[in-house]
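Welcome! Please work through the exercises below with the sequence and the model side by side, and try each task before you read its solution.

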Amino acid sequence: MSTSSRTTAVVVAAAVGISALAACGTPGGGADAKTVTLVSHDSFNVSKSVLAAFEKESGYKVKILKGGDAGKAVNQAILSKGNPQGDVFFGIDNTLLSRGLDEGVFSPYEAKGLAHVPAGLQLDKGEHRVTPLDYGDICVNYDRGYFARHKTAPPKTFDDLLKPRYKGLLVTENSATSSPGLAFQLGTIAKYGQDGWQDYWKKLKANGVEVVDGWEQAYYERFSGSAAGKGKGDKPLVVSYASSPPVEVLGKKPAPKEAPTGVATGTCFRQIEFGGLLKGAKNEKGGKALLDFLVSKEFQEDVPLKMFVNPARQDAKVPELFTKYGATIDKPTTLPPETITKNREQWIKQWSSLVLK
């Protein structure tokens with residue numbers, strides 16, 4: 001996410017839209033005991049029927065406040081800690097997790113249904129300040145039509161992106177403001193090591209990589225393969241999600257044999273998204289109920305085709321459209337959370353100095 005979402009792409013579900021559910025609200029919008037406020041990035045999405053069922057069963061009315069890309073939303077949550085804009089935050093991922101935990105943004109709460117989430121996704125298992133809600137792989141996506149027209153094979157690996165044939169074709173997101181952008185940077189660090197990643201980015205910059213602030217701008221405005229962007233972008237390569245291709249097929253009749261976009265499977269980094277009860281929440285009881293809902297099987301089975309990331313619950317069913325057209329990444333690059341925590345800020349500064357200047 002979701003990516004990311006998320007992505008999320010999260011992640012690409014912003015094309016479907018949730019504007020009817022969003023509420024501009026004011027800080028502390030959960031002060032009304034009958035209202036619970038969810039703060040998230042722009043790519044959060046949920047089916048109206050699923051949300052309505054929760055509202056009917058719980059008695060709460062859900063407000064959704066969106067705060068831009070995940071990186072910006074997390075920064076805003078940190079700036080407003082202690083007097084949060086809402087009750088629950090959705091969308092902090094493993095690349096930014098320690099920032100939120102170290103700043104004391106969340107209150108501990110062990111959500112109902114957490115037993116169905118694999119231990120490998122529970123990065124704060126001891127304290128339960130955050131709850132894993134989905135995961136996805138950040139990868140380079142490519143426009144199949146472009147490469148077919150130019151009779152050129154699309155890239156498959158990080159190394160391929162440095163080849164002259166792909167010069168000026170890639171758009172990625174800013175590591176300092178975008179979680180997919182940061183995840184892509186972390187993927188190159190996992191691949192080339194702390195001594196080699198900067199040299200890789202020097203070469204990638206020399207090969208014409210374009211950097212934009214966030215995922216939505218990259219995917220919808222700059223990527224030539226986005227149906228929502230109507231192909232107006234001129235970049236046939238974009239940093240997005242392994243699960244992005246299904247959205248390009250959603251609603252098409254007859255269904256094509258393959259999605260119009262593909263995934264460079266050798267460029268992927270595993271991203272896990274979390275939700276948490278915001279410390280100082282005006283409606284703590286409602287926030288806990290909302291977190292239980294986000295872990296519920298109903299919401300988790302809604303996740304794939306709304307945010308195009310994988311549900312965290314291992315017993316949640318994933319629709320055929322998602323599995324048929326999305327890419328399964330067996331060996332994504334990863335980094336230990338403690339390594340990310342120790343180095344993230346320095347890596348972002350180094351990346352910014354190297355790539356943006």
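Predicted model: local features only at pLDDT ≥ 70, side-chain atom pairs only at ≥ 80, totals over all residues.

**Exercise 1. The largest pocket**

Task: Find how much space lies in the largest pocket, which residues lie nearest its centre, and which element gives the most to its lining.

Solution: 
- Step 1. Begin with the space: the largest pocket holds about 280 Å³.
- Step 2. Turn to the lining, which is made up of 19 residues. Nearest the centre you will find Tyr135, Asn310, Phe322, Ala327 and Thr328.
- Step 3. Look for elements that give two or more residues to this lining: they are strand S5 (131–143), strand S10 (310–311) and helix H10 (320–325). S5 gives the most, with three residues.
- Step 4. Sort the lining by residue type. Nine residues are nonpolar, seven are polar and three are charged.

**Exercise 2. Helix H5**

Task: Work out how the reach of helix H5 sits beside the expected value, and why H5 is described as largely enclosed.

Solution: 
- Step 1. Locate H5 at residues 179–192, a helix of 14 residues.
- Step 2. From its first C-alpha to its last, H5 reaches 20 Å, which is close to the 20 Å expected at 1.5 Å a residue.
- Step 3. Recall the cut-off you need here: a residue is buried when its relative accessible area is under 20%. In H5, the buried residues are Ser179, Pro180, Gly181, Leu182, Ala183, Phe184, Gln185, Leu186, Gly187, Thr188 and Ile189.
- Step 4. Draw the conclusion: because eleven of the 14 residues are buried, H5 is largely enclosed by the rest of the structure.
- Step 5. Go just past the helix, where Gly193 takes a positive phi of about 85 degrees.

**Exercise 3. Strand S9 and its partners**

Task: Is strand S9 mostly covered or uncovered, and how many bridges join S5 to S9?

Solution: 
- Step 1. Find S9 at residues 261–278; 15 of its 18 residues are buried, and the strand is mostly covered.
- Step 2. Take strand S3 (residues 88–93), which pairs with S9 in the antiparallel sense over five bridges. Within S9, Phe274 stands opposite Ile92.
- Step 3. Move to strand S4 (residues 106–107), whose antiparallel pairing with S9 runs over two bridges. Here Ser107 is opposite Leu277 of S9.
- Step 4. S5 and S9 run antiparallel and are joined by eleven bridges. Pro132 has Phe274 in S9 as its bridge partner.

How values were computed: Residues numbered from 1 in each chain as written. Heavy atoms only, no water. 1 Å grid on protein atoms, 1.4 Å probe; cavity = no way out; pocket = protein on both sides within 12 Å on 5 of 7 lines; lining within 4 Å. Points joined across faces, edges and corners; volume = space filled by probe spheres on them. Helix = DSSP H or I, 4+ residues; strand = E, 2+ residues; numbered from the N terminus. Nonpolar A, V, L, I, M, F, W, Y, C, P; charged D, E, K, R; others polar. Expected span 1.5 Å × (residues − 1). Buried < 20%, exposed > 50% of the residue type's maximum accessible area, 1.4 Å probe, protein only. Pairing = 2+ DSSP bridges.
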